[in-house]
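Please examine the sequence and the 3D structure shown below.

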Amino acid sequence: MKKENLRLLTTALALLGGHEMSVDLEKVRIYLEGERARLFRELNILEDHQSHRIGNYSDNTEHKVGRRIELEHQILSNQRAQQQLMEVDHALKRLYEGSYGLCESCSEPIPSARLEAIPQATLCINCKTKEEKSQVNCDRIRSLHQ
Ligand SMILES: [Zn+2]
C-alpha cells in the first residue's frame, strides 16, 4: 500500500471512529512487516534445525532423551512463532482493509496506548479479558470432564 493511501486511511478511520487516531499506521505497518519477516525467518530456522537433528541419528540413549527434550522445546517455540505469525498477519490484513485499531468484538476503538504496546492487538482490553476468561472456563470444564 502506498503512503498516501495509508494517510487517507488514517483520516478515514479517525472520522469513522469520531476520534483522533494517534497511532501512526505507517509505523505500525513497518513494525508488523518486520515482525512477519522475523517470524518467518525463525520458523525457517527451526524447521531446518529440526530436519538436521532428525537426520543426525544417534543410538546413545542419553543423546536420545536430550534430543527429545530439545525437539519438544523446538516444537513449542515453533507453535509460539506460528501463533505470533498468525496474529501479525491478521493485524496486517486489518490494517490493509482499514479496520485496524477497532476492536473485532465490540467495534470500539482500541486505545492507542494498547496498540502502541501490542501493535497486533485486535481486541480491546475489555473484550480480551472476556475472551481469556471464557477460555479459562473452557479449560476448567474440559479438565473436569477428564
Ligand atoms: Zn472490544
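The sections below move from the whole chain to single residues.

## Basis of the report

This is a predicted model, in which local features need pLDDT of at least 70, side-chain atom pairs count only at pLDDT 80 or more, and totals for chains, interfaces and linings use all residues. Residues are numbered from 1 along each chain as its sequence is written.

## Overall fold

The protein contains five helices and zero strands, and its pattern along the sequence is α-α-α-α-α. Helices (H or I, at least four residues) and strands (E, at least two) are DSSP runs, numbered from the N terminus.

Of the 146 residues, 14% are buried. A residue is buried if 20 or more other C-beta atoms lie within 10 Å of its own, exposed if 12 or fewer, and partly exposed in between, with C-beta atoms placed from the backbone. Two residues are in contact if these C-beta atoms lie within 7 Å. Among contacts between residues at least 6 apart in sequence, 60% join residues at least 24 apart.

## The largest nonpolar core

A nonpolar core is a set of buried Ala, Val, Leu, Ile, Met, Phe, Trp, Tyr and Cys residues joined through C-beta atoms within 7 Å. The largest one has 13 residues, and the members that touch the most others are Leu25, Val28, Leu32, Ala91 and Leu95. Two or more residues come from each of α2 (25-55) and α3 (61-97); α2 gives the largest share, four residues.

Not counting residues up to four places away in sequence, Val28 touches Val23, Leu95 and Pro119.

Helix α3 has 37 residues and spans 53 Å from its first C-alpha to its last, close to the 54 Å expected at 1.5 Å a residue. The expected span is 1.5 Å times one less than the number of residues. Val88, Ala91 and Leu95 are buried in α3, and just after this helix Gly98 takes a positive phi of about 95°.

Leu39 belongs to helix α2. Leu39 counts as buried because 20 other C-beta atoms lie within 10 Å. Leaving aside neighbours within four places in sequence, Leu39 is in contact with Ala81, Gln84, Leu85 and Val88.

## Leu115 in helix α4

Leu115 lies in α4 (residues 112-117). Leu115 is buried because it has 23 C-beta neighbours inside 10 Å. Not counting residues up to four places away in sequence, Leu115 touches Val23, Gly101, Ile110 and Ala121. The C-alpha atoms of Leu115 and Tyr100 are separated by 9.7 Å, with the two residues 15 apart along the chain.
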